[in-house]
Amino acid sequence: MSNAARQQSSRTGLLAGFVLAALFMLSLFVGVIDVPFHRALADAGALELLLISRLPRTLAALLAGSGLAIAGLIMQTLTRNSYVEPSTAGTAQSAELGVLLVTLLWPSANLFAKSIVATATALLGTSVFLMTAHRLPPTQPFLVPLFGIVYGGVIGAAVTFVAWQADLLQYLSVWTNGDFSGVLRGRYELLWIGAAMLVAAWMIADRLTIMALGRDASIGLGIDYARMLQLGLVIVSVISALSTVVVGMIPFVGLVVPNIVSRLMGDNLRGTLPVVAMSGAILVLGCDILGRLIRYPYEIPVGTVMGCVGGIIFLWLLFRRPAHA
Amino acid sequence: MIQVENVSLKHRSTPILHDISLEIPKGGITALIGPNGAGKSSLLSLIARLQPLQVGKISIEGFPVDTTPNRDLAKIIAILRQDSIVTSRLRVRELVGFGRFPHGRGRLTAEDQAIIDQSLQQFDLTDLADRFIETLSGGQRQRALVAMAFAQGTDYLLLDEPLNNLDMYFARELMRSLRKIADGKGKTVVIVLHDINQAGFYADRIVAMKTGRVVADGAPSELLTPETLHAIFGFEMRVETIDGIPMVVHLR
């Protein structure tokens with residue numbers, strides 16, 4: 001990394017860190033039950049509320065947000081296309097299909113077992129997407145996201161059909177629309193596995209950057225392209241499946257966050273990956289806080305808020321092309 | 001030495017290469033010439049293990065390309081494909097720096113930095129080092145890609161039409177740089193060229209291909225004759241010797 005890039009990277013990272021810390025504190029003290037800051041540690045009831053509900057909720061938003069942003073980033077790297085993300089390429093829908101099937105066939109399965117099945121189906125669904133995406137002509141960059149949307153739509157339709165047949169439509173929204181209001185201590189910890197995936201992504205950051213240069217360039221530089229592709233797939237699938245099972249699908253995070261960071265800082269993942277992770281956490285946590293405040297004391301699910309906020313950001317990204325591109 | 005033994009290649013049922021055998025000794029510049037579709041790029045990508053070998057054997061320095069670990073080969077041979085497109089937003093210096101990846105697996109030492117600086121300087125990219133690739137012109141981009149292949153520092157360098165998009169000045173600069181590393185550092189360069197006079201002036205040896213076969217092979221002075229050129233390209237050309245250099249006049 002050049003000096004200019006490194007300076008910019010650490011400055012942006014620092015700024016993102018401050019914003020994230022501020023939102024983290026804010027999230028702990030926003031909710032139906034008012035916990036004044038000065039009483040938080042003195043009052044046993046207030047402390048319990050923080051530890052059982054607010055802190056887990058905040059951590060869940062943070063983990064899901066950073067994970068989804070990184071999953072989007074990796075997906076964009078592997079397809080060499082900046083307009084794909086897990087929720088528009090069949091990954092999230094495949095995970096939903098998995099969790100639905102396990103609910104039907106093995107109703108007593110716990111969250112962990114559900115996550116494993118969802119990860120497996122997400123892996124399968126994403127592999128099919130990637131194999132197809134690599135066959136599409138590179139001269140038509142919009143075919144990849146278009147195919148992803150259609151493909152995700154088909155799987156999503158299958159999910160709806162099965163749920164409708166089994167009279168589980170009401171239940172389905174638990175996974176299709178992200179919501180942190182049900183997160184309590186003991187019910188979100190699986191998301192920490194996603195944090196391990198972030199560490200894995202960070203460790204292969206250079207390789208991912210090279211993979212974005214294409215298969216030939218990667219092989220020429222001595223990278224085991226097929227194996228790295230599989231590893232990337234696993235990271236994307238695990239993260240998406242875990243967030244789908246634990247909090248439900250949150251759209252747009254994986255799409256807008258990596259694109260914004262890429263415009264600001266470029267695509268050298270060694271420098272940008274931490275910023276992408278933090279920005280994803282900021283966006284999701286921010287939207288969750290917004291959802292708690294808009295019609296206080298009632299809540300709007302984060303999936304809905306993100307659908308609006310993310311959509312607006314995405315449109316803005318599309319219309320405001322970088323000056324030199 | 002690069003050894004190609006009885007290599008054939010088919011794409012579905014279309015034959016691309018027919019039983020090619022070729023030895024490229026260490027050191028010097030070998031130019032691959034021939035009409036479009038002759039199989040030059042396919043041969044290059046087979047040597048650089050970008051495509052699986054179907055029939056025959058290829059080895060570099062005695063290492064078979066199909067069984068030697070990829071990361072080891074990356075320290076011996078570098079390739080620049082003709083259709084390399086960079087879609088990532090990387091700075092020129094970052095891109096050239098990735099040429100060093102096979103050596104430190106991502107950690108850049110002071111020595112790596114020196115090599116990167118040298119590659120940037122060699123291709124007149126020092127002033128552009130902090131620019132994003134996408135903001136460069138086609139020729140500047142091409143230079144950045146060549147600089148990346150240079151930075152890889154391998155003994156063998158395969159270049160597929162690297163003069164694309166380069167103006168006369170930089171085409172000459174690139175060929176002179178190649179001559180310099182071939183003479184000074186004993187590097188082996190295999191380069192696909194369409195400008196026959198560049199091949200005649202800078203290469204030690206020219207290998208001509210046509211419809212998947214090697215049709216002529218020799219020093220420029222032997223190979224650049226009206227008869228041989230007619231056999232390769234299918235039309236009459238005049239060859240004049242100016243200051244001892246064969247010049248092909250192919251415009252009429």
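Predicted model: local features only at pLDDT ≥ 70, side-chain atom pairs only at ≥ 80, totals over all residues.
Student: Where do A:Tyr83 and A:Phe142 sit in the chain?
Tutor: A:Tyr83 is in the loop between helix H2 (44–79) and helix H3 (91–105) of chain A, and A:Phe142 is in the loop between helix H4 (111–135) and helix H5 (143–165). They are 59 residues apart, so the pair links distant parts of the chain.

Student: And is A:Tyr83 buried or exposed?
Tutor: A:Tyr83 counts as buried, because its relative accessibility is 18% and the cut-off for buried is under 20%. A:Phe142 has 51%, so A:Phe142 counts as exposed.

Student: What kind of pair do A:Tyr171 and A:Trp175 make?
Tutor: That pair is edge-to-face, because the planes of the two rings are at 75° and over 60 degrees is what edge-to-face takes. Their centres are 5.3 Å apart.

Student: Why are those two about one helical turn apart?
Tutor: Because they are 4 residues apart in helix H6 (residues 169–176) of chain A. A:Trp175 is buried, with a relative accessible area of 4%, while A:Tyr171 is partly exposed at 39%.

Student: Back to A:Tyr83. Which residues are in a cluster with it?
Tutor: Ring pairs link A:Tyr83 with A:Phe142, A:Phe252 and A:Phe314.

Student: New topic: which domains does chain A have?
Tutor: The domain assignment gives domain 1 (83–249) and domain 2 (254–294 + 302–320). Their centres, taken over C-alpha atoms, are 18 Å apart. Each domain puts 15 residues into the contact.

Student: How much area do domain 1 and domain 2 of chain A bury between them?
Tutor: About 1300 Å², with 65% of it on carbon and sulfur atoms. A:Tyr83 turns up here too: together with A:Phe180 and A:Trp202, A:Tyr83 supplies 40% of the area that domain 1 buries against domain 2, more than any other three residues.

Student: How many salt bridges are there between domain 1 and domain 2 of chain A?
Tutor: The count is 1. As for a salt bridge in chain A, A:Arg270 forms one with A:Asp206, the closest N and O atoms being 2.5 Å apart.

Student: What about chain B? Which ring does B:Arg143 sit over?
Tutor: The charged end of B:Arg143 is over the ring of B:Phe170, 3.6 Å from its centre. B:Arg89 lies over the face of B:Phe132, at 4.2 Å from the ring centre.

Technical notes: Residues numbered from 1 in each chain as written. Chains lettered and ligands numbered in written order. Heavy atoms only, no water. Buried < 20%, exposed > 50% of the residue type's maximum accessible area, 1.4 Å probe, protein only. Phe/Tyr/Trp six-rings, centres within 6.5 Å; stacked < 30°, edge-to-face > 60°. Lys NZ or Arg CZ within 6 Å of the ring centre and 35° of its normal. Domains from an automatic or database assignment. Contact = heavy atoms within 4.5 Å. Buried area = accessible area lost by both parts, 1.4 Å probe. Salt bridge = Lys/Arg side-chain N within 4 Å of Asp/Glu carboxyl O.
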